[in-house]
Each structure stands twice: as C-alpha cells, then as structure tokens.
Amino acid sequence: MAVIEAIELRRTYRTSTGVLRRKPLEVEAVRGISFTVEQGELFGLLGPNGAGKTTTIKMLITLLLPTSGQARVLGHDVVEDAREVRKRIGYVFGGDRGLYERLSARDNLRYFAELYGVSGKAQRTRIDEVLELVGLKGREQERVEGYSRGMRQRLHIARGILHDPEVVFLDEPTIGVDPVGARELRRTIADLIAAGKTVLLTTHYMFEADTLCDRIAVIAKGRIVGEGTPEALKAGVAEGRVTEIDAFGVDEAAVARLRSIEGVTAVTVEEREQKQLLVVQTTGDRELTAPLLAELDGFEVGRVSSREPTLEDAYIALVTAE
Amino acid sequence: MRSLKVVASGFQMNLKMLGTSSFFLLTAIVQPIIFATVAFYMFRAGGRNGTLLYAALGAGMMGVWSTTLFGSGGMIQWQRWQGTLELGAAAPPAMALIYLPFSLANAFTGMYAMAATLVWGRLVFGIGLHLAHPWLFVLALPATVIALGLMGLVLASTFILYRHANALSNLLEYPVWIASGLVFSTSLLPIWTRPISWVLPPYWGILAIRHAALGGAVWGPLGMVVLLGAASLLISTITFRWFEHAARARATLSLT
C-alpha cells in the first residue's frame, strides 16, 4: 500500500481585485495532480516558485482542503480523517517563521511534545535525541530570537520529527541556509530515510533533488510535467545536446528566433553581470551551432560550448515546455 | 488527562512568553493605574467618596477586560504573523483546546490589573479594603477572570477565519465596560440594553465581586458567571471547529 496517495488533486484560491468594484478572481494553484509515494521512499516535488508545491504539501498535511480530488496518507483521508493523519505525520516549512521566538529551543520542543502526545517520561530523552541529531545540543536553552537561519531550520526539523512520525513532509527545508548548513541538513534528511521514514521533499535546488531523491515529480503551473528517478528524467533529455553561448545584449525577439529553429527544444537566458549565458537544448545529435549563431548575427557573442544534459537541463526542458 | 496536560503546558508557555514581552508588561502595569486614577478622581469630583471602593473594583475589572480582549484578539493574529497558527491547526488536539490556555493566561495576567488598582487606591487615595465577604471575594474574582478568558476564546475563534478581525477588539473595549456596569451603574442605560448586559460575563462578575466586597447577594451573580463561562467554552468549541474548517477552505491560516 502506498504511504502517500494523491489522486487528481486540485486547489483553487478565490480572491478579488479592485477597491470599490471588487472583481472576483480564481487562481488555480494545483490542477489535478496524481502521484504515490511508497514506504521508505524519498520523493521529491521539484518546481519553480508558484508551481503549486507548497499548496500540494499543505493539502497533504491537512492545512488546506482540496477543491476536488482525493489524498490519503497512511490510508487515512486528509479531509475525513484529518486527526488520524496529523498524529502520524511530521512536517517542516522552510524559512524563519513557525517558532515561538521568545522561548528557548527546549521550551519550543517541550510544548510541541505535549501537543503530539509524547509522554512526560519519554519527553526529556526524545528532546535530547533530536537536539543531538540536528546539532543544537548545547544551545537549547537560548531564546530562538537569537538563532541564525540555519539554526532555526534545524530546530524546525527537530520539531517535525520529535514525535517520531512515520511520514515527514519537508517544504524547501534548505532555503536560505548557507552551503555548510544546507549540507548538514541534507545529511539529516538522509538519516531520516536510513531510519525507515517516508519523506516527501519539495525543493527547487537540482543538486539537492538529484542527491537525495529516489523519485522526482516535476511540477509546473500546478501540473506534474514529468515523473521518475533522477536518472530516468535525465535520460529523457539525454539524446539531446546542450549548447551554451556567452552573449551580450540579446533581446527577447532574438531568443524567440532561437526557439523557432527546428531541433531546438528549450532556450533559457541567465543574466550574469554584463553578459548573458544562453542555454540551448536541442534534440538528437544535430549540430545546430551554425544556425544558432546565424540568428545571433548583430549581437556580440563570446565562448560557445557543448555538453551532456544534466538534471537541471531535464528540469528546464520539462518546465519550459509547459 | 492528556487534555489537561496540553492546557497546563500551553498556560505555562504563554505566561513565560508574556513575561518576556516588555510591551505587554508595560501595558499591563501602567494601564490599570491610569484607569484607577481617572476613576478615583471622577468619583471624588462627584462628591461620592464613600463609593471609592466601588470605583476601584470597576476600574480593576476594566483592566482585566482590556487585557483579556487585547490578549485574545492579538493572540491569533500574532500567531499568524509568527507562522505558528498553522502549527496549532495541524496538531492533533482540537484547536479550542490548544488556544484555551492562551486565553486563560491572558485573563490570569489581568488579575494583576485588579491587584494594582486596589494597591494604588490604598497607597495614593487611602481607600481601605474592608471586604464584606472575604472568602466569597476570593472565589468570585478567579471565577470572573476564568469566565472572561473563556469569552475571549470565543472572540479568538473568529480571528482564525478573518485575518483583520482583531480590529474588532478595539471596538469592543468601551462598549463592554459600559454595558457591564464597570464605569457606572447599568440602571443609567436605556432599558433595551439590559439583555446585552445579561449575556456578558463581566456584568455578573463585577456584581459578584462588588457584592462580596461591599455587601449583597453573591451566589446568584456568581452562578451566572459560571453558567456564562461554561456556555462560552461550549460555544468556542463549536466555533473553533467551524472556523478552522472554513479557514482550511479559504486558506486564511497563514499570511500568504
């Protein structure tokens, strides 16, 4: 039996615009997504900002009601059996918020231990264990308001796993954390899997998804546009090539002309101080350097190179194709 | 047993947080003294020196209500800003149970307002605290404070759904003071306001407290305090469930 099941899950937000004449507005954040996560698996939801990752997680952890569709966690419906779901899951949101700032880390954990029914006897041992696991031992008596972002993030994880849940939802847990802190957090996530937990992770860091996830679903504009192991996703674009071109002052019209060349599947532009890096994905082994350069006639062009596709290329190809 | 532990833990945690908030401490310490001073001068100017204890108790209760009202109103909004409202909503216990101790802790700190007013009255205005029924006074004061906390819980539940409902707190401070007879007797108000007064726990609370201090029937008003407190608890249990469900549908638990 799948530990997490999402079946045609949809979520629409209703809002309005205008001051005097208010006009109702509907935003479809999640548009019918389906996936399953098996026991002990680390499943990644990968997508750009606003793709619907957080909305999906919030529906699964019972904070939002789906507009339609169904979701079950450990066999319990997230709408009908919300309480049963809540008892069995842990979740961590990225960012600074979500902690009682004026309390110490230990007081925060003690309070949540009580909410999640960790018995008095087990509390002290368990709190010490999770503090040790996330590397906050020795700093637990300090008030959270004085913590760095990395320390807060680690405290979030400690809170999320305090009651030893079977399933852990991690929503961009390394966002804004420095590289050393992010590496430690990734190690903690890997430890969760080693301990037999099932983890659903959302991120937009390719490296993180590639290193940690058993399977990934790429989500864009509320829809799943690709799903599989990191290797399978890379293989999806492996038959193609990636050409990188350093250029200066290339405008939108020129980028559109590049996209219209036969054999080009995606073009992205990365601004790098004064210069631009054009990343052009092409199908098969076709040599398209000459037509690409022909369309860039009139613009200053620097280094041109060609390489094998990476997971990031697979992700960009899937997201931009949408 | 588990519910009691959740309440005890939340109560202790909220008292700890309130104790570290210099804004809250300043408001809680200064405001009652201002209320008390204004009330004493009003009654003295009206040539009603004999009723200064009556005024002191009313001023004290004004402080208790203000602390409860702003504490309960601010509680949900502050948790939303801090990002902890979602954590409470996604925890296994019912939301009413999670926020009950927060509301009680707010009301409990309001008891300071009563104590500060009486001490201020004694030291500055020389008002003696000669209680007609000391034991009933000791019973009536915490019963009223708890009932007010439970009334605050009902208000807090509405703030789960409406992000800007704490503006309501500002509107409710003065009308409840007046309708409850904290500043002057409700007999001076139009007759149609009576039913409003009757459903307010502070109306019966101040009656019980004043009768315990100055003489009069205590058990009747005290019974009403307990009854309205229990009704508030029941209503808040239902409204928290409704509003939590509606907030999940409308996505108002977080700021974004």
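Predicted model: local features only at pLDDT ≥ 70, side-chain atom pairs only at ≥ 80, totals over all residues.
Figure 1. In the model, 22 residues of chain A are in contact with 24 residues of chain B. Two elements of chain A, helix 2 (82-88) and helix 3 (105-115), each give two or more residues to the side that touches chain B. Helix 3 of chain A gives the most to this side, with four residues.

**Figure 2. Chain A as a whole.** Chain A holds 11 helices and 14 strands. Its C-alpha trace spans about 75 × 50 × 45 Å along the principal axes. Of its 322 residues, 43% count as buried. Contacts between residues at least 6 apart in sequence were examined in chain A: 71% of them join residues at least 24 apart.

**Figure 3. An open sheet of six strands in chain A.** The strands run in the order 6-7-8-3-9-10, and their pairing is mixed. Strand 6 (89-93) and strand 10 (223-228) of chain A are the edge strands, each pairing on one side only. From one strand to the next, the twist averages 15 degrees. Strands of a sheet pair through backbone hydrogen bonds, either parallel or antiparallel. Strand 3 (residues 42-46) and strand 9 (residues 215-220) of chain A take the parallel sense, over four bridges. Within this part of the sheet, Gly44(A) has Ile216(A), in strand 9 of chain A, as its bridge partner.

Figure 4. Thr198(A) counts as buried because 24 other C-beta atoms lie within 10 Å. Leaving out residues up to four places away in sequence, Thr198(A) touches Val3(A), Val37(A), Gln39(A), Gly40(A), Glu41(A), Glu166(A) and Val167(A). Glu41(A) is 157 residues from Thr198(A) in sequence. In space, the two are 5.2 Å apart, C-alpha to C-alpha.

**Figure 5. The largest nonpolar core, with 163 residues.** In soluble globular proteins, nonpolar side chains tend to be buried together. Ala158(A) and Val218(A) have the most contacts inside this core. Helix 5 (residues 95-125) of chain B gives the most to the core, with 16 residues. Domain 1 (4-228) and domain 2 (237-321) of chain A each supply at least three residues to this core.

**Figure 6. Contacts of Ala158(A).** Neighbours within four places in sequence are left aside. Ala158(A) is then in contact with Leu109(A), Val130(A), Leu131(A), Val134(A) and Leu136(A). Ala158(A) is also one of the residues with the most contacts inside the largest nonpolar core.

**Figure 7. A bend in helix 7 of chain B.** Helix 7 of chain B covers residues 167-179. The helix bends by about 30 degrees at Glu173(B). A proline, Pro175(B), follows within four residues of the bend. After the helix comes Gly181(B), with a positive phi near 75 degrees.

**Figure 8. Packing of helix 7 of chain B.** The buried residues of this helix are Ser169(B), Val176(B) and Trp177(B). These buried residues pack against helix 3 (52-82) and helix 9 (201-214) of chain B.

How values were computed: Residues numbered from 1 in each chain as written. Chains lettered and ligands numbered in written order. Bend = angle between axes of the 7 residues up to and from the residue. Buried ≥ 20, exposed ≤ 12 C-beta atoms within 10 Å, placed from the backbone. Contact = placed C-beta atoms within 7 Å. Pairing = 2+ DSSP bridges. Axes fitted to C-alpha atoms, helices over the stretch in contact; angles between N-to-C directions. Core = buried A, V, L, I, M, F, W, Y, C linked by C-beta atoms within 7 Å. Domains from an automatic or database assignment.
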